[in-house]
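Let's take a walk through this protein together, one neighbourhood at a time. Please have the sequence and the 3D view open as you read.

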Amino acid sequence: MWRLVMRRIRRWGGLLGWCACSLQPLQADPGIRVGLSVPSSRQMFFRALLDGAQHYAAQAHGHLQLIVAPAAISAEASAQVDGIRYLLRAQVQALVVDPLETAPLLPVLQAALQQGVRVINVDNKLDARLLADNGLLIPYVGPGNYRGATLVADYLLQRLAPGSLVGIIDGPLETINNRARREAFIDAIRRHQLRLAAVEEGRWDVISGQAAARQLLQQYPQIQALLCANDMMAIGAQLVAAGHPHRVLISGYDNVPEVHLALQKGDVLATVDQHPAQQIGSALALAMQAVNQQQSQDSLPGIVQTPVGLVIHEP
C-alpha cells in the first residue's frame with residue numbers, strides 16, 4: 001500500500017497576497033485564447049499537465065479557449081520554439097510555457113511579450129539570471145523543487161547508518177528543476193552524515209535510469225541508496241538494483257502512474273507528487289486573470305507557489 005502525505009509549502013517568492021487558490025478564472029471574459037507549450041507529449045508528467053489543462057478548460061464553460069502547441073515527439077528546444085511560434089500565429093492572448101531549456105526560448109518569448117502576449121512559466125523554472133540579463137519578467141507557477149527533493153531524500157536517507165554510501169541519478173544538467181533537486185539531495189546526504197558516491201546524469205526515462213544505476217553500482221557496489229530525480233529513472237534503477245547482492249533503497253520524483261506498482265511492492269520507497277493538474281490550473285487561472293483584468297506583464301506576481309506532497313510505500 002502507499003499513501004499520500006500532503007505538506008503544503010509556504011511561498012518563498014513573489015508578491016505578498018498571491019497564492020494559487022486566490023485566482024478567480026471563471027470570472028474572465030468569454031473566449032480568452034491561451035496557448036500552452038510543453039517540451040514533449042510522450043513523458044508521463046507532461047501528459048498529466050496536458051490532461052489537467054484540458055480538464056481545466058472544460059470546467060471553464062467557454063471562458064477559456066485552450067490552444068495546445070503541436071506535440072513534439074522528441075524533447076528538443078527547437079521543436080518547442082516552433083510550437084510557440086505556432087501559438088503566436090494563432091493570436092493567443094496569453095502563453096503558458098513549460099520550458100525544456102531557457103536560452104533557446106528567450107527570443108521567441110521576447111517576441112511574444114513585444115506582441116502584448118502575457119507569458120506565464122509553469123513547472124520547469126526558467127533561468128532567473130538569463131531572464132534578468134535580457135530584461136524579461138515572467139512569473140513562475142509551480143512547487144519548490146528543492147523542498148520536494150528534501151522531503152523525499154530525508155524520508156529515504158533516515159533509514160541508513162551514518163557513513164553509508166549514496167548515489168544520485170539526476171536529470172539533464174541544463175534544467176533548473178533538476179539543479180534544485182540535485183542540490184537538495186546533496187544537502188540531505190551531508191545532513192544525514194552519509195557519503196556521496198557519485199552523480200550520474202539521466203534523460204528522465206527508464207533506459208537512462210538503468211544505464212546510470214548500472215554505472216553507479218558497478219563502480220560503487222557498496223551503495224546503499226539511489227536518489228532519482230524522477231520516477232521513470234527510478235523505475236530503471238530498481239530494475240538494475242533487483243539483481244544487486246544487497247538491497248538498494250530507491251526514491252523517485254513526480255508520482256506518475258507507472259511508479260505505483262513499484263511503490264506497492266516496495267521496490268521504490270518514496271516519490272514526490274507535484275500535483276500537475278493543480279499546477280497547470282493555477283497557471284491558466286493567472287493567464288486568464290491577467291488578460292481579463294488587463295494586467296501588464298510586469299505587474300504579475302513573481303512566483304505562485306503550488307503544493308508538493310510525499311508519497312511513500314507502506315507495508
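Which side chain meets that of lysine 265 in a salt bridge? The partner is aspartate 267, with an N to O distance of 3.6 Å. Please keep in mind that this is a predicted model. Lysine 265 counts as exposed because its relative accessibility is 57%, and exposed here means over 50%. Aspartate 267, at 29% relative accessibility, is therefore partly exposed. You will find aspartate 267 in the loop between helix 9 (260-265) and strand 11. Setting aside residues within four places in sequence, aspartate 267 is in contact with Gln238, Ile250 and Ala262. The C-alpha atom of aspartate 267 is separated by 9.0 Å from that of alanine 241, which is 26 residues away along the chain.

Now step back for the overall picture. The protein chain has 315 residues, of which 58% count as buried, and its secondary structure comes to ten helices and 13 strands. Among the contacts with a separation of 6 or more, 75% are between residues 24 or more positions apart. The accessible surface comes to about 13,400 Å², and carbon and sulfur atoms account for 51% of that.

Let's go inside next. In soluble globular proteins, nonpolar side chains tend to be buried together. Here the largest nonpolar core holds 59 residues, and those that touch the most other members are Val34, Leu64, Val96, Ile169, Leu226, Ile250 and Leu284. Helix 10 (residues 276-292) gives this core its largest share, nine residues. Apart from this core lies another, of 26 residues, including Leu157, Leu160, Ile189 and Ala225.

Strand 11 (residues 270-273) runs antiparallel to strand 13, and four bridges join the two. Strand 13 (residues 308-313) is mostly covered, with six of its six residues buried. Val308, Leu310 and Ile312 point one way, while Gly309, Val311 and His313 point the other way, and all are buried.

The side chain of asparagine 145 makes a polar contact of 2.7 Å with the side chain of arginine 181. Leaving out residues up to four places away, asparagine 145 also touches Tyr140, Asn177, Ala180, Tyr253 and Gln274.

Finally, back to the charged pairs: the whole structure has nine salt bridges. One of them joins the side chains of aspartate 170 and arginine 182 at 2.8 Å, N to O. Aspartate 170 lies in strand 7 (residues 165-170) and arginine 182 in helix 6 (residues 176-191), so this pair ties together parts that are twelve residues apart in sequence. Aspartate 170 is buried, with a relative accessible area of 1%. Another salt bridge brings together arginine 203 and glutamate 174 at 3.6 Å, N to O. Arginine 203 is in the loop between strand 8 (195-201) and helix 7 (206-219), and glutamate 174 is in the loop between strand 7 and helix 6, 29 residues apart. Salt bridges with shared partners join Glu174, Glu201 and Arg203 into one network.

Technical notes: Residues numbered from 1 in each chain as written. Predicted model: local features only at pLDDT ≥ 70, side-chain atom pairs only at ≥ 80, totals over all residues. Heavy atoms only, no water. Core = buried A, V, L, I, M, F, W, Y, C linked by side-chain atoms within 4.5 Å. Buried < 20%, exposed > 50% of the residue type's maximum accessible area, 1.4 Å probe, protein only. Contact = heavy atoms within 4.5 Å. Areas by Shrake-Rupley, 256 points an atom, 1.4 Å probe, with all protein chains shown as cover. Pairing = 2+ DSSP bridges. Polar contact = N/O pair within 3.5 Å; in protein donor to acceptor, adjacent residues only side chain to side chain. Salt bridge = Lys/Arg side-chain N within 4 Å of Asp/Glu carboxyl O.
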